[in-house]
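Q: Hey, I'm new to this structure. Can you walk me through it?

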Amino acid sequence: MADIIEVKHPLVQHKLTMIRNKAVGTKDFRALVDELAMLLTYEASRDLPLETVEVETPVAVTKQQSLAGKKLAVVPILRAGLGMVDGILQLIPAAKVGHIGMYRDEETLQPVEYFVKLPDDIDQREVLLVDPMLATGGSAIDGISALKKRGATQIKLITLVSAPEGLKAVQEAHPDVPIVTASIDEKLNNDGYIVPGLGDAGDRLFGTH
């Protein structure tokens, strides 16, 4: 079973507390999600391989460590996952970006896939699948399945807020996929929303209702 990593860094927890506040407006919410995505990616990328390279400083020639050319892809689950992409690309600007479009059926609470566009070499890349909320787990499970169906074998899921029910569901469906999250919240309510959560991330990111 792959790891679930709950990132307890003080900056992560502070910024997460800020976006939980319903009084935070769209502009600040977007900026904070960007920052949180960057901080979570720092944790998710800690096992990237390094290689020794030679560089010349203003003082001397030296051998130092550099990323070993591993190919990465960032794949947001639309639409809320889009809010995490820019923060990740600030850290890993060479990463390719794909998209998986899903929406939740309000009656069944199940995800419906409507769009998938990925880099052609997705099977050769480590994929960071991103979505701010992991509630029932349905969208994440289907998103991971869509990636695997198209050849991806190295996948990590990054979320801001996760419900225990969603974590359990993803682990049961895809035990090989590590999950990095800023918070494991209390539960889902009867409407399928995370408690205490932060509301509808897509609506808060894009100013819709």
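Q: Let's start with T136: is T136 buried, partly exposed or exposed?
A: T136 counts as partly exposed, because its relative accessibility is 28%. Buried means under 20% relative accessible area, exposed means over 50%, and partly exposed is in between (1.4 Å probe, protein chains only). Keep in mind that this is a predicted model: local features need pLDDT of at least 70, side-chain atom pairs count only at pLDDT 80 or more, and totals for chains, interfaces and linings use all residues. Residues are numbered from 1 along each chain as its sequence is written, and side-chain values use heavy atoms, with hydrogens and water left out.

Q: Where does T136 lie?
A: T136 is in the loop between β9 and α4. Helices (H or I, at least four residues) and strands (E, at least two) are DSSP runs, numbered from the N terminus.

Q: What does the side chain of T136 reach?
A: The backbone nitrogen of G138, at 3.3 Å. A polar contact is a pair of N or O atoms within 3.5 Å; within protein, one must be able to donate a hydrogen and the other to accept it, and residues adjacent in sequence count only if both atoms are side-chain atoms.

Q: How far apart in space are T136 and E186?
A: 13 Å, C-alpha to C-alpha, and 50 residues apart in sequence.

Q: How many residues line the largest pocket?
A: The lining has 29 residues, and R104, D131, M133, S139 and D200 lie nearest the centre. Elements that give two or more residues to this lining include β4 (72–78), β6 (99–104) and α4 (138–149). By class, the lining of the largest pocket has 16 nonpolar, 8 polar and 5 charged residues. Ala, Val, Leu, Ile, Met, Phe, Trp, Tyr, Cys and Pro count as nonpolar, Asp, Glu, Lys and Arg as charged, and the others, Gly among them, as polar.

Q: What about the second largest pocket, what volume does that have?
A: About 250 Å³. It is lined by 17 residues, with L48, L67, L72, L91 and I92 closest to its centre. That lining divides into 11 nonpolar, 3 polar and 3 charged residues.

Q: Switching to helices: which residues of α1 are buried?
A: In α1 (residues 10–20), those are V12, K15, L16 and I19. They are on the same side of α1, because they cover an arc of only 105° around the axis. The arc is that of the directions from the helix axis to the C-beta atoms. On the other side of α1, P10 and T17 are exposed.

Q: What covers the buried residues of α1?
A: The cover includes α2 (26–44), β10, β11 and α6. Contact here means heavy atoms within 4.5 Å.

Q: Which residues in α5 are buried?
A: G166, L167, V170 and Q171. They lie on the same side of α5, because their arc around the axis is only 130°. K168 and E172 are exposed on the other side of α5.

Q: Last topic: which residues does a cis peptide bond join?
A: L78 and R79, with omega about 5°. The peptide bond from V195 to P196 is cis too, with omega near 0°.

Key: On a 1 Å grid over the protein atoms alone, a cavity is a set of points where a 1.4 Å probe fits but cannot get out, and a pocket is an open set with protein on both sides within 12 Å along at least five of seven lines; lining residues have an atom within 4 Å of a point. Grid points are joined across faces, edges and corners, and a volume is the space filled by probe spheres set on the points.
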